[in-house]
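Please look over the sequence and the model below before reading on. The notes that follow begin with one residue and its contacts, and then widen to the other parts of the structure.

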Amino acid sequence: MKSYEVLIIGCGASGSICALTAQNKNIAVIDSQTKVAKKILATGNGRCNLTNINLEDKSYNTEIKSYLKKFDVNKTLNFFSSLGLEVYADEEGRVYPISNAAKSVVDVLSNRIEEKVDLYLGQTVGDIEKQDNNFIVKTDKENFLCKKLVVSSGGNSLIAPLKKMGVEFKDFYPSLVALKSKEIKDLNGVKVSNVLVTATNSLGETKSEVGEVLFKDGGLSGIVIFNLSTLFSRTQNYVGKIQIDLLPNFTKEELINKLENRKKLNVCLDKFFTGMFVPALSNEILKQVKINTNLNSLKLNLNQIETLAKTIKNLTYNIDGCFENNQVFSGGVDLSLLTDSLMYKDIKNLYFAGEICNVDGVCGGFNLQWAWTSGHIVGENL
Ligand SMILES: Cc1cc2nc3c(=O)[nH]c(=O)nc-3n(C[C@H](O)[C@H](O)[C@H](O)COP(=O)(O)OP(=O)(O)OC[C@H]3O[C@@H](n4cnc5c(N)ncnc54)[C@H](O)[C@@H]3O)c2cc1C
């Protein structure tokens, strides 16, 4: 059995920074993937949005101010700069590598990690046991013994062995995820920008955001929907509704005036929105208002114009589920169960970093920032 002072399970974002920060010389890192931080390659659409200079504590499901004080965005940027990573921030504060390639982030991490620690890639941890003052970590290939154990295995991995040791978890639910609605048909690929979207969950709680929405077959996607999906993951079901104001910059009265003017187009209703919305969306609006599409626009009465305006400002879909491929999980080990250095209070020398903690943020670099913050804090304390 191989023996180390520190064992880190998971060489993703948090495990990597943890390994690089630790002063301890006797460290091994295990990962089921055959490459370091492989998941980072898929982040930010292949560009890796590694943090956000406009980071606010309220971008997370829980208070993480005290942790950010220890390792904030500036420290993260300095850390990556020290590894040679050149970055830029876009107009929304989202930070990307200047290469616009997530691989640059992975490369600067993996170059150093390979030099610094013993890496066991392509090994999946299946069991963990506590034996006196040590942990025994069993992979599908070999067993390890360590004094300090860091679990940085991402979302819902390793729950069973950790639960067996007495670790408590808040249930994991997909978050930052596309939402399903059986009511959405014939709109696949339609994209609407600068729309105001309001989500209501099964508890009646609401959350709104302005941005872009992408219609899928049987559902809705895009950053705004991902962010609003957090409202559903927190109720641990994906039932509620999404209302889309397609023209939030118009008041209802302004829109009614606009539509009144468009009557003069003297066209059948199926052409009434040509030049205003793409055909699939026009059809959707007309489907929802249930007005005969053969009606000539000149014949639209005020009541019908008002109904059209109301629908444009309130396109509503009942949500009945979520798709797979969530970006993060909500749930995990609650911060209240961890010390300031993210050690499990009831199990000495067992640390948690990254997504396995019950911390999740909205899109924009916030989740990786938590991975860097938590991984660094644990690393400093090993
Ligand atoms: C498609 C996509 C895009 C995203 N884009 C962004 C973005 O642009 N910005 C952002 O902030 N966040 C983004 N995220 C979220 C971000 O990737 C995660 O928040 C972050 O990677 C979590 O870091 P972590 O270290 O906790 O886990 P991970 O980075 O997932 O690392 C966990 C590691 O543990 C390993 N592991 C798991 N179980 C075992 C086991 N049993 N044995 C051995 N090894 C194991 C895994 O192989 C993995 O390498 C995105 C997520 C996805 C899926």
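Leaving aside the neighbours within four places in sequence, alanine 19 is in contact with Ile8, Ile27, Val29, Ile113, Lys116, Val117 and Gly379, where contact means that two C-beta atoms, placed from the backbone, lie within 7 Å. This is a predicted model, in which local features need pLDDT of at least 70 and side-chain atom pairs count only at pLDDT 80 or more, while totals for chains, interfaces and linings use all residues. Residues are numbered from 1 along each chain as its sequence is written.

**Alanine 19**
- Alanine 19 is found in helix H1; helices (H or I, at least four residues) and strands (E, at least two) are DSSP runs, numbered from the N terminus.
- Alanine 19 has 28 other C-beta atoms within 10 Å and is therefore buried, a term that asks for 20 or more such atoms within 10 Å, with exposed set at 12 or fewer, partly exposed in between, and C-beta atoms placed from the backbone.
- Leucine 7 lies twelve residues from alanine 19 in sequence, and their C-alpha atoms are 9.3 Å apart in space.

**The protein as a whole**
- The secondary structure of the protein comes to ten helices and 18 strands, and the C-alpha atoms fill a box of roughly 85 × 40 × 35 Å, taken along the principal axes.
- Of the 382 residues in the protein, 43% are buried.
- Among contacts between residues at least 6 apart in sequence, 73% join residues at least 24 apart.

**Domains**
- The protein is divided into domain 1 (2-174 + 329-380) and domain 2 (177-325), with bounds that come from an automatic or database domain assignment.
- The contact between them takes eight residues from domain 1 and nine residues from domain 2.
- On the side of domain 1 that touches domain 2, strand E10 (residues 170-175) gives the most, with three residues.
- The centres of domain 1 and domain 2, taken over C-alpha atoms, are separated by 39 Å.

**The ligand shell**
- The ligand is surrounded by 34 residues, of which Gly10, Gly12, Gly44, Gly154 and Gly354 are the closest; a residue is near a molecule or strand if its C-beta atom, placed from the backbone, lies within 6 Å of it.
- Helix H1 (13-21), strand E2 (27-31) and helix H10 (366-380) each supply at least two residues of this shell, and H10 gives the most, with four residues.

**Sheets and barrel**
- Six strands form a closed barrel that runs E11-E14-E13-E12-E15-E16, with antiparallel pairing, where two strands pair if DSSP finds at least two bridges between them.
- Strand E11 (residues 179-180) runs antiparallel to strand E16 (residues 315-322) and is joined to it by two bridges; lysine 180 has glycine 321 in E16 as its bridge partner.
- An open sheet of three strands has the order E3-E5-E4, with antiparallel pairing.
- Strand E3 (51-52) and strand E4 (87-89) stand at the edges of this sheet, each with a single partner strand, so one side of each is left without a neighbour in the sheet.
- Three bridges join E4 to strand E5 (residues 94-97), and valine 87 stands opposite proline 97 in E5.

**Helix H9**
- Leu308, Ala309 and Ile312 are buried in helix H9 (residues 302-312).
- Seen down the axis of H9, these buried residues fall within an arc of 95°, so they line one face of the helix; the arc is that of the directions from the helix axis to the C-beta atoms.
- The buried residues of H9 pack against helix H7 (252-262) and helix H8 (279-289).
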